[in-house]
Amino acid sequence: MRSRILLPVALGVFCAGSSLAQVPNGGFENWSTVGTYMDPAGWITFNSITSLAGAMPSCEQGSPGVVGNYYATVTTRSTFFGLFPGIIISGDTAHTGFAFSSRPTALTGQWQYGIQPLDTGAVIVYLTKWNTTTQHSDSVGGGAAQLLGSLSGWHPMDIPITYISASTPDTAYVIVASSLNAPVEGSFIKVDALGFGVSTGVAQLDQVPNLRIWPSPAMDVVNVAAEDPIADVDILDLTGRSMFHKALGGSQATLDVADLPTGRYLMQVHMVDGRRQVRSFIKQ
């Protein structure tokens, strides 16, 4: 399935905020009432749009939380304007993202989800540093998990962060989206206790023994091989955008990546038996 994340306007407007050690309101304990709906403090939602479009909120408060009283649910809604993904982005109406000056190995937390057939959800973490010479933010690292199917009950979330720079970031962004570029009504993701920490390798991704991806750096092609049959692979950039998709069916393949821009990429490998694993590689 080819997918590309659609995050309306928000991804292009990153700015820094105040210095914080963790994800602001990552436990979703603080909410404010806005008209007929509630928004979590420290997060941008699109509830105002779905409300005007005659639909239920795309982000809702849930209770009880895994830790504390509340959690957040994002849901793809059918509106007057068509299907609208549930999306939350760390930040506020003035700034997206928040100040962050560490190099953790993972975005952690708790989640459960129900992604409708033919749809894909995503959780993304992205770290940047302001470049005083170019007056733009440079990418430092990031990670993304594309979600398929259902995960009932609360489970640990662990999204490894891959670094492409030795710099210490000054800004972090966390994004949760219930659908990508082909939304299906009813897809949802529930999240709680979001924070940064050390990757444990448990998360939603099952370990795939002897999975190999080479070479790295790669010039024109990258190879993928495993002991068991591979259903398909997705190559993502560090914002979670799908750059390449290929259905396989065999245990190995050679992928043409000549047209990819130079940089670091994540390859999400989906096995025929349902297991998934993410590895990274560099394209020269």
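This is a predicted model: local features need pLDDT of at least 70, side-chain atom pairs count only at pLDDT 80 or more; totals for chains, interfaces and linings use all residues.

Me: What makes up the secondary structure of the chain?

Reply: The chain has 23 strands and one helix. Of its 284 residues, 49% count as buried. The chain exposes about 12,300 Å², and carbon and sulfur atoms supply 55% of that area.

Me: What share of the contacts between residues at least 6 apart in sequence joins residues at least 24 apart?

Reply: That share is 70%.

Me: How many aromatic pairs does the structure hold, and why is the pair of F98 and F100 called edge-to-face?

Reply: There are nine aromatic pairs. In the pair of F98 and F100, the ring centres are 6.3 Å apart, and centres within 6.5 Å make a pair. The planes of these two rings stand at 80 degrees; an angle over 60 counts as edge-to-face, and therefore the pair of F98 and F100 bears that name.

Me: Why is the pair of F98 and F196 called tilted?

Reply: Its planes lie at 50 degrees, with the ring centres 6.5 Å apart. Stacked requires under 30 degrees and edge-to-face over 60, and the rest are tilted; the pair of F98 and F196 is therefore tilted.

Me: What makes this pair a tie between parts of the chain that are apart in sequence?

Reply: F98 belongs to strand β9 (residues 98-99), whereas F196 belongs to strand β16 (residues 188-197), so the pair ties together parts that are 98 residues apart in sequence. Ring pairs link F98, F100 and F196 into a cluster.

Me: How do you know whether F98 and F100 are buried or exposed?

Reply: Buried means under 20% relative accessible area. F98 has 4% relative accessibility and therefore counts as buried; F100, at 3%, counts as buried too. F196 is also buried.

Me: What makes R103 a charge over the ring of Y163?

Reply: The charged end of R103 sits 4.1 Å from the centre of the Y163 ring, and the distance limit is within 6 Å. R212 likewise lies over the face of W214, at 4.4 Å from the ring centre.

Me: How do you know that strands β22 and β23 pair, and what do they form?

Reply: Pairing requires at least two bridges, and eight join β22 (residues 263-271) to β23 (residues 276-283). The two strands run antiparallel, and Q268 stands opposite V278 in β23. They form a hairpin with four residues between them. In the turn, G274 has a positive phi of about 100 degrees.

How values were computed. Residues are numbered from 1 along each chain as its sequence is written. Side-chain values use heavy atoms; hydrogens and water are left out. Buried means under 20% relative accessible area, exposed over 50%, partly exposed in between (1.4 Å probe, protein chains only). Contact means heavy atoms within 4.5 Å. Accessible areas come from the Shrake-Rupley method with a 1.4 Å probe; for residues, only the protein chains shown count as cover. Rings of Phe, Tyr and Trp (its six-membered ring) pair if their centres lie within 6.5 Å; planes under 30 degrees apart count as stacked, over 60 as edge-to-face and the rest as tilted. A charge sits over a ring if NZ of Lys or CZ of Arg is within 6 Å of the ring centre and within 35 degrees of the ring normal.
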